[in-house]
Amino acid sequence: MIRMPRLSLDLPAIETTDLRKRYGAVDALAGLTMTVGRGEVFGFLGPNGAGKTTTVKLLLGLARPTAGSGKVLGAPLGDLQTRRKVGYLPELFRYQPWLKAREVLTLHAELMGMPGARRRPAADEALHLVGLADRAGDLVAKFSKGMQQRLGLGAALLGEPALVVLDEPTSALDPVGRVDVRGIVRTAADRGAAVFLNSHLLSEVEQVCDRVAIIDHGRVVASGELDDVLGQAETQIRVTGLSPSDLSAIERFGTPTLEGDLLAIRPMAAADVPDLVAQLVSMGVRVFEVRSGRSSLEQRFLELVARDRPPAGTPSAPRLR
Amino acid sequence: MLTIAKLTIGEAARRRVLWILVILAAVAVSLTAWGVSSLITAAREHGVTELDTKFAVSQVLIFIAFMFGFVLVMTAAFFGSPAIATDLESGIAQAMLARPLRRSSYLLGRWLGLAIVIVGYAAVSGFLAIGVVGAISGYLPPDPLLPVAYLAGQALVLLSLTVLLSTRLPPIAGGAIAVVAYGLAWMAGVLGKIGIAIGTTTLIGVSDASRFLLPTDALWQGVVYGLEPAFVISAGEGQFVARSSPFFASSGPAPAIVAWAVIWVVLVLALAVAQLRRREL
């Protein structure tokens with residue numbers, strides 16, 4: 001078992017302040033301020049061209065910020081030695097096709113500065129973790145895209161890094177592979193690593209992340225605990241026989257709104273639903289359907305990123321970057 | 001840096017480049033042996049003097065060196081022009097450079113690995129060809145190490161140039177620029193020799209400027225000088241035809257120009273490192 005040096009749990013894994021990146025006339029990142037703690041799975045969401053990959057490249061020192069500052073594991077962005085403790089799966093995952101899977105990982109172990117005797121066991125452990133143990137001796141050239149992404153995930157997890165940065169880690173994986181990745185991400189977090197998960201697959205993020213930030217046009221439009229970003233639960237009831245003047249009678253359950261035959265009460269705890277239905281029935285209202293829950297991350301994401309975005313094809317629609 | 005150099009040599013071996021170079025060297029040396037053997041047989045049949053035969057063999061050797069030098073330079077261009085560009089385009093470089101690997105170590109490691117392959121190819125092919133010709137004809141250049149070293153030097157200059165171009169340009173563009181630059185430098189060298197023979201300062205100036213910008217032709221002069229027997233040098237020195245020929249050299253390159261070639265490689269690699277450092281990945 002290869003163990004990387006442990007850092008203080010008080011120290012954030014990632015800390016950025018007003019981080020900016022400009023490519024020509026385009027603001028790829030327009031002032032990012034965020035903190036990712038140790039042992040936390042942080043979902044970084046956004047539509048294509050929002051600035052997600054730019055952020056990752058700045059964090060890893062592959063690109064330089066135009067302004068602002070940041071720290072990774074307590075060291076300034078781009079610090080060479082800190083990269084020993086950072087694992088990275090790039091969005092464009094490509095590894096030397098003429099190497100065998102195990103050789104790719106031993107190469108990365110060598111680049112990390114791992115002692116020679118530890119490289120092969122660490123590589124084998126990582127291959128086992130991502131389900132490629134039986135393909136360790138195969139050339140990467142023979143791998144499918146999904147297997148190459150698994151290999152990249154193995155490289156990112158090599159040597160138990162303190163921070164794992166995954167850029168769209170399931171883009172080439174089948175549903176079984178996606179479930180595997182969720183398990184792997186949680187395992188990494190459980191052993192104390194911070195996982196920075198860059199994705200636009202919202203269901204994946206919803207299932208695995210502790211906190212999220214939603215980014216659009218290079219700016220964070222929402223961030224926090226998953227519950228905070230998703231908002232409070234609401235109840236939707238399809239009814240007849242209810243008029244707007246009757247709504248005051250049910251305000252004790254939450255703020256009601258009535259659009260046609262759809263009554264929505266927000267926020268509202270699911271435990272109050274039977275009492276609300278009983279109240280409505282006692283008022284002579286006929287109840288046809290009751291749905292209780294909160295917005296999915298996808299709904300919330302669309303609300304946030306679509307509200308200032310004109311329909312595609314209109315002259316003022318923003319260009320994809 | 002050594003990790004990347006080792007990786008680069010491993011890549012050349014796995015991609016069968018090394019084997020192809022070995023086979024090409026064997027074919028070239030076999031053809032050389034056959035050609036020189038035929039030349040010796042024909043010379044003996046026609047009663048050509050020993051001295052004339054020696055002259056002919058040295059000229060054949062210089063011509064073979066010219067062809068081999070061209071092949072070596074092309075090999076360097078083919079190796080160097082995708083060295084960085086392909087890794088960046090594919091994303092292989094990004095995965096490695098997110099590790100604690102300096103961009104300078106990555107670039108210099110790639111250069112070193114390719115340089116070892118190219119110098120190895122030059123040494124094996126060059127010494128084998130000289131040795132085989134010596135065994136068949138009895139003619140050995142005064143110092144066989146010198147022409148092979150200059151041949152390898154030419155290739156290293158081109159390798160450095162293509163690695164520099166590879167930090168910014170796609171492989172085909174970088175390779176094309178380097179090959180054209182090499183051709184122009186060689187032609188400028190020919191013009192310079194004519195300029196010296198007829199005493200025209202303009203042509204000499206063009207040649208000097210060309211050697212400053214790309215010192216391959218100066219190194220070619222070293223190859224020719226290193227392969228010539230002493231009597232050819234003394235006989236050709238006063239002759240206009242000989243002095244203006246790119247296949248004759250009355251002296252090796254001046255130590256200053258050899259030193260400049262070394263400094264040139266260092267400067268070009270430093271520029272390549274600076275370019276890669278500035279580049280956003």
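Which strands of chain A does helix α8 (residues 273-282) lie across, and at about what angle to β14(A) does this helix run? Helix α8 of chain A lies across β11 and β14 of chain A, and its direction is at about 160 degrees to β14(A). Axes here are lines fitted to C-alpha atoms, for helices over the stretch in contact, and angles run from 0 to 180 degrees between N-to-C directions. Two residues are in contact if their C-beta atoms, placed from the backbone, lie within 7 Å. Helices (H or I, at least four residues) and strands (E, at least two) are DSSP runs, numbered from the N terminus.

This is a predicted model, in which local features need pLDDT of at least 70 and side-chain atom pairs count only at pLDDT 80 or more, while totals for chains, interfaces and linings use all residues. Residues are numbered from 1 along each chain as its sequence is written, and chains are lettered from A and ligands numbered from 1 in the order in which they are written.

## Confidence

The model scores ipTM 0.82 and pTM 0.83. The predictor's confidence in each residue is given as pLDDT, from 0 to 100. Chain A averages a pLDDT of 85, with 90% of the residues scoring at least 70. Among the elements of chain A, helix α2 (residues 101-112) has the highest mean pLDDT (95) and helix α9 (residues 297-306) the lowest (72). Over residues 1-8 of chain A the pLDDT is below 50, and this stretch has 15 contacts in the model beyond near neighbours in sequence. Residues 314-321 of chain A also stay under 50 in pLDDT, and the model has 11 contacts for them beyond four places in sequence. For chain B, the mean pLDDT is 89, and 98% of its residues reach 70 or more.

## Domains and sheets of chain A

Domain bounds come from an automatic or database domain assignment. For chain A that assignment gives domain 1 (14-229) and domain 2 (232-294). The centres of the two domains, taken over C-alpha atoms, are separated by 44 Å.

Two strands pair if DSSP finds at least two bridges between them. One open sheet of chain A has four strands in the order β2-β1-β4-β5, with antiparallel pairing. Its edge strands, each pairing on one side only, are β2 (26-36) and β5 (75-76). The pairs of strands in this sheet are joined as follows.

| Strand pair in chain A | Bridges | Direction |
|---|---|---|
| β1(A) (residues 14-23) and β2(A) | Eight | antiparallel |
| β1(A) and β4(A) (residues 67-72) | Five | antiparallel |
| β4(A) and β5(A) | Two | antiparallel |

A:Ile14 stands opposite A:Val36 in β2(A), and its bridge partner in β4(A) is A:Val72. A:Lys21 is placed opposite A:Leu29 of β2(A). β1(A) and β2(A) form a hairpin with two residues between them, and A:Gly24 in the turn has a positive phi of about 60 degrees. The hairpin of β4(A) and β5(A) has two residues between the strands, and A:Leu73 there takes a positive phi near 55 degrees. A:Lys71 has A:Pro76 as its bridge partner in β5(A).

Another open sheet of four strands in chain A has the order β12-β13-β11-β14, and its pairing is antiparallel. Here β12 (255-259) and β14 (286-293) are the edge strands, each pairing on one side only. Neighbouring strands of this sheet are turned by 20 degrees against each other on average, direction ignored. Seven bridges join β11 (residues 234-240) to β14(A), and these two strands run antiparallel. In this pair, A:Glu234 stands opposite A:Gly293 of β14(A).

## A helix pair in chain A

Helix α4 (residues 145-157) and helix α5 (residues 175-190) of chain A pack at an angle of about 0 degrees, with their axes 12 Å apart. α4(A) and α5(A) are therefore roughly parallel to each other; angles under 35 degrees count as roughly parallel, over 145 as roughly antiparallel, 65 to 115 as roughly perpendicular and the rest as oblique. On α4(A) the contact is made by A:Gly146, A:Arg150, A:Leu153 and A:Leu157, and on α5(A) by A:Gly177, A:Val181, A:Ile184 and A:Ala188. By class, this contact of α4(A) with α5(A) has five nonpolar, two polar and one charged residues. Ala, Val, Leu, Ile, Met, Phe, Trp, Tyr, Cys and Pro count as nonpolar, Asp, Glu, Lys and Arg as charged, and the others, Gly among them, as polar.

## Contact between the chains

In the model, 19 residues of chain B are in contact with 23 residues of chain A. On the side of chain B that touches chain A, α1 (2-14) and α5 (92-97) of chain B each supply at least two residues. α5(B) gives the most to this side, with five residues. The residues of this side of chain B divide into nine nonpolar, four polar and six charged.
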